[in-house]
Amino acid sequence: MNMSSPERIVYVAGQYCPESEAKVSVFDRGYLFADAIYEVTCVIGGKLVDFDGHMARLARSLKELDMPVPMSDAELLAIHRKLVADNNVDEGLIYMQISRGNADRDFNFPSKDTPPVVVMFTQARPVLESPLAKRGLKVISLPDIRWGRRDIKTVQLLYPSMAKNAANDAGADDAWLVQDGFVTEASSANAYIVTADDKIVTRSLSSDILHGITRAAVLRFAEDAGYALEERSFTIAETLEAKEAFITSATSFVTSVLSIDGHVIGDGAIGPVSRRLREIYLEKAVGARI
Ligand code: PMP
């Protein structure tokens with residue numbers, strides 16, 4: 001619920017309505033089985049950042065879960081735009097969730113003609129001048145005990161939510177997750193270090209991590225700008241030796257990580273590589289928003 005401003009208009013299963021009137025069924029498989037996928041698209045100046053990237057990942061998530069495509073990308077874009085306009089969103093995000101629909105509770109998937117349930121809502125908030133991006137993050141490391149298909153963007157977010165809370169309880173902003181001694185990613189972002197020999201290192205794509213839309217763009221821009229990239233696993237020990245560390249996500253863009261488990265990384269300030277990558281991302285990806 002949005003406590004500070006008037007009710008938002010949200011989109012639920014074909015209808016636009018005030019948020020207090022929006023209803024989903026108790027039989028929604030997203031609710032009963034986390035059988036739903038989602039995308040979060042950043043809004044800057046009322047326009048959508050890298051919408052095509054989010055649509056491409058959405059199509060992949062649907063395919064991996066054998067879920068029907070609910071409507072065309074053009075129709076989804078039209079709903080995004082209407083919500084931004086109706087809610088006067090200048091800066092923030094649009095959350096879109098697609099569940100496998102409503103069916104009596106059963107571990108088997110319902111019949112193929114069960115209509116997916118599409119839900120969308122906006123969240124207005126500062127993105128460009130976010131306080132955390134200006135300050136840089138403190139993170140803690142935690143074991144990665146999520147399921148094995150993190151490449152599918154499902155709403156099964158209980159452990160990431162617990163990890164974020166554990167980080168906050170420890171006086172930090174976020175958690176970096178570690179599996180078999182290597183960092184996978186942050187609770188809701190991809191993770192990077194800049195090594196002593198100036199290489200940008202991030203884990204390679206697999207089912208161990210979400211294939212970040214921002215990751216793809218930032219790696220492309222970094223390569224164009226002449227940075228050396230290495231897609232490989234790295235440890236917390238290597239992070240402590242790194243010159244810089246940072247995260248990327250649709251709403252944090254490129255945000256520096258200043259310390260991990262209480263140990264300062266580099267000189268403990270926002271480093272030149274993450275600063276420059278944020279600038280390039282703002283210029284190129286945010287600049288190309290639609
Ligand atoms: N990893 C995880 C686990 C995430 O939840 C997110 C944010 N959705 C990301 C990475 C970053 O992905 P994107 O750049 O597409 O927002």
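1. Start with Lys 153: an N or O atom in its side chain is 2.3 Å from a nitrogen atom of the ligand. That makes a polar contact, meaning a pair of N or O atoms within 3.5 Å. Keep in mind that this is a predicted model, where local features need pLDDT of at least 70, side-chain atom pairs count only at pLDDT 80 or more, and totals for chains, interfaces and linings use all residues. Residues are numbered from 1 along each chain as its sequence is written, and side-chain values use heavy atoms, with hydrogens and water left out.

2. Arg 57 has a polar side-chain atom 2.7 Å from an oxygen atom of the ligand. With Ala 250, a backbone N or O atom lies 2.8 Å from a ligand oxygen atom. As for cover, the ligand on its own has 390 Å² of accessible area (Shrake-Rupley method, 1.4 Å probe), and the protein covers 92% of that.

3. Where does the ligand sit? It is in the largest pocket, with "sits in" meaning that more than half of its atoms lie within 2 Å of the pocket's grid points. A pocket is an open set of points on a 1 Å grid over the protein atoms alone, with protein on both sides within 12 Å along at least five of seven lines; lining residues have an atom within 4 Å of a point.

4. That largest pocket holds about 1,300 Å³ of space. It is lined by 48 residues, and those closest to its centre include Lys 164 and Ser 249. Helix α5 (residues 158–169) gives the most to the lining, 6 residues. Sorted by class, the pocket lining has 22 nonpolar, 17 polar and 9 charged residues.

5. Don't skip the cavity, a set of points where a 1.4 Å probe fits but cannot get out. The largest cavity has a volume of about 40 Å³. Its lining includes Lys 243, Val 257 and Ser 274. Strand β14 gives the largest share of that lining, 3 residues.

Key:
Polar contact = N/O pair within 3.5 Å; in protein donor to acceptor, adjacent residues only side chain to side chain. Points joined across faces, edges and corners; volume = space filled by probe spheres on them. Helix = DSSP H or I, 4+ residues; strand = E, 2+ residues; numbered from the N terminus. Nonpolar A, V, L, I, M, F, W, Y, C, P; charged D, E, K, R; others polar.
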